[in-house]
Each structure stands twice: as structure tokens, then as C-alpha cells.
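This report describes selected strand pairings and aromatic contacts. Please consult the sequence and the model alongside the text.

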Amino acid sequence: MPATPFDDRRREVLRTLIQLHVETGEPVGSESLSRAFGRALSPASLRSIMADLEALGYLDHPHTSAGRVPTDEGYRVYVDTLMGRSALAPGEAQAIAELRQGEVSTEQTLARASQLLSRLSRSVGFVLAPDIARTSFRHIDLVPLGYPRVLVVMVSANGIVTHKVVDVEERLEPAELQECANYLNAHFSGMPLAEIRSRLVEMMTEEKALYDSLLQRVIALGERAFAVADPGPGVYLDGASNMLQQPEFEDLERMRALFRTFEEKGRLVRILNACIAGDGIRVLIGHENPDPELQDLSLVTATCRVEGEPGLGLGVLGSTRMQYAHVVSLVDHVARAVSDVLRGQRT
């Protein structure tokens with residue numbers, strides 16, 4: 001099917017019908033459309049145009065109503081060629097600007113971003129943190145918890161902080177743990193975790209490791225500290241209850257399936273990773289989503305990149321009947337704010 005197989009009049013009818021449907025949630029009839037056009041087009045003329053748009057696959061005709069609703073293909077044409085730009089309201093712009101303010105951790109920034117996306121879109125907001133195994137290492141602290149346990153606090157180059165407890169064979173004093181941390185920070189800062197692990201394996205085969213007690217401790221601790229037991233990224237997700245307010249999700253079984261997806265973290269991360277690709281804003285509508293249980297939904301995503309590091313993804317998940325122009329603008333501005341915060345935390 002050609003990208004734009006209809007004239008300006010049909011384009012304007014499709015645009016107006018979609019805007020009315022997004023606003024009301026109801027099928028749009030010719031009488032409502034005629035009023036929206038200020039009676040410049042008669043209901044009879046509009047019925048003919050709507051029939052043409054239905055034949056092109058852009059509208060559907062629910063059997064319970066005389067009105068039409070957009071199909072996924074209709075929404076795609078709208079997003080790609082018909083919708084205009086949407087400016088944020090002053091309050092929304094101010095709320096996003098506040099993401100850049102204050103001394104907060106990266107995790108707090110990501111959590112606030114997902115909450116903000118949810119609140120301002122009235123849909124589900126999410127942030128997908130990068131896989132820690134693919135990020136570069138910035139700093140490590142080793143905190144004694146009582147033999148044989150040591151708390152490892154590691155900060156990645158993009159500010160993501162991870163904590164884990166490891167067991168050590170040798171009883172180490174706090175000063176000895178600090179000495180090991182200083183060595184790891186001095187020699188491995190800026191390296192990806194996979195490269196660090198490879199280097200530790202090489203060090204084990206070097207002759208000096210047999211005689212240098214500090215090096216032996218560094219290797220033993222480093223192996224445990226830089227091992228990645230759960231390599232998956234973290235996901236921050238807010239606003240699932242917003243879906244309950246959408247008339248499209250009054251079906252209880254559909255809601256259960258959707259909430260199961262939200263609860264299965266590994267599956268959700270795989271889905272979102274598949275939807276976030278490249279730079280810029282990406283809009284996936286209905287059946288374009290890779291998971292069958294999300295094919296009644298639309299995703300608007302963006303990638304936040306910091307030079308030299310894997311990007312993190314964020315976006316909004318909601319009904320296909322979403323205010324696309326507003327959500328695209330919202331996701332774009334939040335992504336820019338989060339990128340600014342991450343860049344600031346690298347300096």
C-alpha cells in the first residue's frame with residue numbers, strides 16, 4: 001500500500017477523526033465529524049470519505065456502532081505524516097527541568113523519570129537501565145561486614161550504583177580491603193567489566209602474583225567483585241494502574257495478561273530492549289510490538305546516550321488511543337533531561 005494514497009481532504013478527515021476518537025474514546029460518526037468541520041462537509045460526504053478510508057485499511061467499523069475507529073495502520077499514517085508538534089504545558093516543562101536539579105543519585109533520577117513519564121502521560125512510564133555487564137567501571141568500595149562477608153559497592157561510568165555481598169577466604173583487615181580497593185580503582189577504572197575479568201585471569205598466570213600478597217588479594221576479591229550473577233538491566237516502571245482507567249482495558253482477562261507481563265521482569269526487559277533501538281524517538285503501534293500481549297498498546301521510546309557508554313532507554317506504554325504528539329514531546333524532553341544528568345555525573 002502506498003504511504004499516502006489519499007488526497008488532502010481524506011487526510012484531513014482522517015486527522016480529525018483520530019483526534020476526536022482519542023479525545024472521546026468512542027467510535028466517530030459522520031454527524032460528529034461534520035460538526036468538527038463546522039458543517040463545511042456534509043454527513044453524506046463524510047460517510048463516503050470514511051468508507052474510502054476504511055477500504056484503504058485506515059479505519060474500522062465496529063459492528064456495534066455506526067461510527068469508525070482508527071486501525072493501527074491509520075494511527076501509523078497519523079503519526080508519520082499528519083500529527084503536528086505539541087508544546088509542553090509550562091507546568092510539565094518545569095517538572096522535567098527539576099530532573100536536572102539537586103544532588104541525587106542516578107537511580108533516583110531514573111526512578112523520578114519513570115514516575116514523571118507516567119504522571120504526565122497518564123499511562124505507564126518506564127526507564128530501562130543499561131546492562132551493568134556492558135558498562136565501564138568507575139569506582140569500587142569494599143566494606144567489611146564481619147568475616148567472611150564483604151560488601152562491594154560499585155559505580156559504573158554512567159553513575160549506576162550496584163551493591164552485593166561476597167565471601168572471602170582470607171580474613172582481611174579494613175586497611176587491607178582499602179588497599180585492594182585502591183589498586184582496583186587505580187588500574188581498572190574506565191574499563192568494561194568483561195575486560196576487567198579477562199585481565200584478572202591474565203594476572204593469575206603471571207609469576208609476580210605468586211609472590212605479591214596484595215596482588216593475590218586483589219585477584220581473589222576482583223574475581224568475586226566483578227562477577228556478574230544477574231547481568232540483566234534494571235527496569236523502573238510506574239503507572240500500571242493508569243491502564244485501569246482506560247475503557248479499552250475493561251476486559252479483565254486482558255488486564256491480567258498485561259499485568260503478568262509487567263510482573264515478569266526478565267520478559268519485560270527483553271520486550272523493551274527489542275523496542276528501543278537506535279537514536280531518536282521511536283513509536284511502535286499495536287501489532288508492531290514484538291509481544292502478542294502488547295499488541296493492543298503503543299510504545300513511544302527514546303535512547304539516552306552518554307559518549308562511550310551503552311545507552312539507557314525510556315518511554316511510555318499506553319493505549320493505541322494515546323495523544324501521540326504530546327507523548328512524543330514528553331518522551332523527547334525527559335530523555336534530554338536524563339542525558340544531561342548522566343553527562344553531568346561523568347564529569
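Which residue in β5 is the bridge partner of I140? The bridge partner of I140 in β5 is M154.

## Basis of the report

The model is predicted, so that local features need pLDDT of at least 70 and side-chain atom pairs count only at pLDDT 80 or more, whereas totals for chains, interfaces and linings use all residues. Residues are numbered from 1 along each chain as its sequence is written, and side-chain values use heavy atoms, with hydrogens and water left out.

Strands β4 (residues 137–144) and β5 (residues 149–156) pair in the antiparallel sense over 7 bridges. Strands are DSSP runs of E with at least two residues, helices are runs of H or I with at least four, and both are numbered from the N terminus; two strands pair if DSSP finds at least two bridges between them.

Between β4 and β5, which form a hairpin, there are 4 residues. In the turn, G146 has a positive phi of about 105 degrees.

## The five-stranded sheet

An open sheet is formed by 5 strands in the order β7-β3-β10-β9-β8, with antiparallel pairing. Because β7 (235–238) and β8 (281–285) stand at the edges with a single partner strand each, one side of each is left without a neighbour in the sheet. Neighbouring strands of this sheet are turned by 15 degrees against each other on average, direction ignored.

Strand β3 (residues 124–128) is joined to β7 by 4 bridges, and V127 stands opposite Y236 in β7. Helix α6 (residues 106–121) lies across β3, β7 and β10 (312–319) and runs at about 30 degrees to β7. Axes are lines fitted to C-alpha atoms, for helices over the stretch in contact (heavy atoms within 4.5 Å), and angles run from 0 to 180 degrees between N-to-C directions.

## The aromatic cluster

The whole structure holds 3 aromatic pairs. Rings of Phe, Tyr and Trp (its six-membered ring) pair if their centres lie within 6.5 Å; planes under 30 degrees apart count as stacked, over 60 as edge-to-face and the rest as tilted. One of the pairs is F137 with F226, edge-to-face at 5.2 Å centre to centre and 80 degrees between the planes. F137 lies in strand β4 and F226 in the loop between α9 (213–225) and β7, so this pair ties together parts that are 89 residues apart in sequence.

F188 and F226 also form an edge-to-face pair, at 6.5 Å centre to centre and 80 degrees between the planes. F188 lies in helix α7 (residues 174–188), so its pairing with F226 ties together parts that are 38 residues apart in sequence. F137, F188 and F226 form one aromatic cluster. F137 is buried at 1% relative accessibility, F226 at 0% and F188 at 2%; buried means under 20% relative accessible area, exposed over 50% and partly exposed in between (1.4 Å probe, protein chains only).
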